[in-house]
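Please keep the structure open while reading.

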Amino acid sequence: MTTQTKSTVISPIVTIGALFFIFGFVTWANSTLIPFLKLACGLKTDFEAFLVTFASYIAYFFLALPSSWILKKLGFKNGLVTGLLILGIGSLVFIPAASTRSFGLFLTGIFIQGAALSLLQTASNPYISIIGPIESAAKRISIMGLCNKFAGIIVPIIMGTLFLKNAAGIEAKINDAATTVAEKEALLAEVLGRVYTPYIVLAIVFVAFALFIKYSNLPEVDVDKEEVIEGEEVKTAKTSIFQFPHLFLGAFCIFVYVAAEVMAGDIIGVYGKELGISADISKYFTTLTLTSMLVGYFIGIFTIPKYITQQAALKICAIIGVIFVSAAYFTDGYTSVIFVGLLGLANSLMWPAIFPLGIKGLGKFTKTGSAIMIMGIAGGAIWPLIYGYLKDYTGMHFQLAFFVSVLPCYLYIWYFAVAGHKVGKHASA
């Protein structure tokens with residue numbers, strides 16, 4: 001029976017791990033798409049280029065609750081299949097976007113991908129959280145994080161090599177007054193042509209994985225039933241989702257955490273360029289951030305909950321975040337970039353700790369609560385625009401703009417780790 005139980009648990013974990021790899025690959029491609037589309041579409045400011053992250057992450061805000069409804073209607077497995085097919089469609093939109101050099105169409109494809117990821121994440125996160133004891137959920141999500149961040153580590157290398165090859169030289173030629181209009185058009189056509197093969201391949205992979213899940217033995221899970229049994233003593237009298245204030249504090253914690261994560265991961269390349277580092281080098285900086293996140297996930301896997309609680313891990317990570325973002329502001333050059341990259345270590349155990357703390361004890365409201373938590377991912381849409389606005393339109397120095405943008409995120413996460421996750425849980429006691 002023990003062997004069968006392990007097999008029953010391991011098989012879904014492997015499948016969901018593959019999904020988290022896909023989430024990471026698609027999401028962290030933004031770090032390459034930001035400088036790529038700024039170059040290829042002739043965008044004038046970083047603020048415009050940051051609409052890439054806006055289109056990707058704002059989809060979670062609008063699609064998370066509908067995703068919960070879709071999952072109730074279709075079931076867990078069919079929901080995953082639908083999400084993967086939509087992800088394939090979003091990838092194919094990149095083809096006409098490149099053909100017409102339409103930044104708006106690129107953003108449409110990115111938004112469709114974000115919508116698909118919203119559905120997939122709304123299904124996968126509560127599933128992996130309740131597949132075992134809630135106290136060790138951070139450990140299981142850390143394993144998922146390894147898959148996600150490993151994809152994030154290789155994406156800048158693969159996409160950066162494919163999309164941003166000789167980016168500095170091409171940008172110099174385009175900006176050179178001696179370059180004719182015809183020559184500029186030819187350069188831009190060559191750059192945009194790099195999109196076709198990768199995104200066609202990605203679409204094929206997503207459809208193939210959808211078919212695999214469709215015909216796999218991945219079990220359906222009644223999330224509501226499992227949570228009611230496990231946390232029965234916590235929530236007997238609750239009749240509304242609004243009776244769980246810790247859920248909404250958790251959703252806002254996800255909001256500011258993803259904001260900080262995107263600033264450290266997607267924006268680090270732009271940050272490096274502002275420091276005078278060549279685009280041919282700075283395009284790989286996201287790999288530094290995600291490698292440090294990977295280190296953090298390994299630490300989480302071996303220490304939570306055996307040596308440290310997920311609340312304590314969250315508090316420690318928030319403190320590290322405050323220290324590193326301050327160090328990035330007070331240093332310069334590669335040292336400053338390294339501290340931004342090390343924010344990945346601070347961010348690593350935040351999602352694994354925040355998500356289970358936010359949905360703990362929701363019972364029959366678990367699916368809706370999960371969707372509300374997923375809505376918090378929209379923080380990744382807003383914060384780069386705040387940074388871009390401060391930097392491009394107010395005259396604030398880019399390092400100060402980064403510091404002012406990111407520091408409040410870690411301070412709120414610190415609060416949630418210390419007190420926020422407890423709010424309302426003992427109101428009826």
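The largest pocket in this predicted model holds about 590 Å³ of space. Its lining is made up of 25 residues, and Lys38, Leu39, Leu43, Glu171 and Lys273 lie nearest the centre of the pocket. Helix α2 (30-40), helix α9 (167-175), helix α14 (268-274) and helix α15 (279-282) each give at least two residues to this lining. The largest share comes from α2, with 6 residues. By class, the pocket lining divides into 10 nonpolar, 7 polar and 8 charged residues.

The model has 1 cavity of 30 Å³ or more. The volume of the largest cavity is about 230 Å³. Its lining consists of 18 residues, and those nearest the centre are Gln121, Asn148, Lys149, Glu261 and Trp351. Two or more lining residues come from each of α1 (2-28), α4 (51-74), α7 (103-130), α8 (137-163) and α13 (245-265). In the cavity lining, 11 residues are nonpolar, 5 are polar and 2 are charged. Domain 1 (10-217) and domain 2 (240-421) each supply at least three residues of the cavity lining.

As for the chain as a whole, it has 22 helices and 0 strands. Of its 429 residues, 57% are buried. Among contacts between residues at least 6 apart in sequence, 85% join residues at least 24 apart.

Aromatic rings come next. A pair of aromatic rings is described by the distance of the centres and the angle of the planes. The whole structure contains 28 aromatic pairs.

| Pair | Centre to centre | Angle between planes | Class |
|---|---|---|---|
| Phenylalanine 252 and phenylalanine 255 | 5.7 Å | 10 degrees | stacked |
| Tyrosine 329 and phenylalanine 403 | 5.0 Å | 25 degrees | stacked |

Why do phenylalanine 252 and phenylalanine 255 count as stacked? Their planes are at 10 degrees, and planes under 30 degrees apart are classed as stacked. Both residues belong to helix α13, where they are 3 residues apart, about one turn of the helix. Helix α13 is also among the elements that give two or more residues to the lining of the largest cavity. Is phenylalanine 255 buried or exposed? Phenylalanine 255 has a relative accessible area of 19% and is therefore buried, because the class takes in values under 20%. Phenylalanine 252, at 40% relative accessibility, counts as partly exposed.

Tyrosine 329 has a relative accessible area of 29% and is partly exposed, whereas phenylalanine 403 is buried at 18% relative accessibility.

Elsewhere, one aromatic cluster is formed by Phe36, Phe94, Phe106, Phe163 and Tyr199.

Helix α22 also contains tyrosine 415. At 36% relative accessibility, tyrosine 415 counts as partly exposed. Which residues does tyrosine 415 touch, not counting those up to four places away in sequence? The contacts are with Leu249, Gly420 and Val423. The C-alpha atom of tyrosine 415 is 9.0 Å from the C-alpha atom of alanine 318, and these two residues are 97 residues apart along the chain.

Leaving out residues up to four places away in sequence, serine 370 touches Thr122, Pro126, Phe355 and Ile359.

Notes:
Residues numbered from 1 in each chain as written. Predicted model: local features only at pLDDT ≥ 70, side-chain atom pairs only at ≥ 80, totals over all residues. Heavy atoms only, no water. 1 Å grid on protein atoms, 1.4 Å probe; cavity = no way out; pocket = protein on both sides within 12 Å on 5 of 7 lines; lining within 4 Å. Points joined across faces, edges and corners; volume = space filled by probe spheres on them. Helix = DSSP H or I, 4+ residues; strand = E, 2+ residues; numbered from the N terminus. Nonpolar A, V, L, I, M, F, W, Y, C, P; charged D, E, K, R; others polar. Domains from an automatic or database assignment. Phe/Tyr/Trp six-rings, centres within 6.5 Å; stacked < 30°, edge-to-face > 60°. Buried < 20%, exposed > 50% of the residue type's maximum accessible area, 1.4 Å probe, protein only. Contact = heavy atoms within 4.5 Å.
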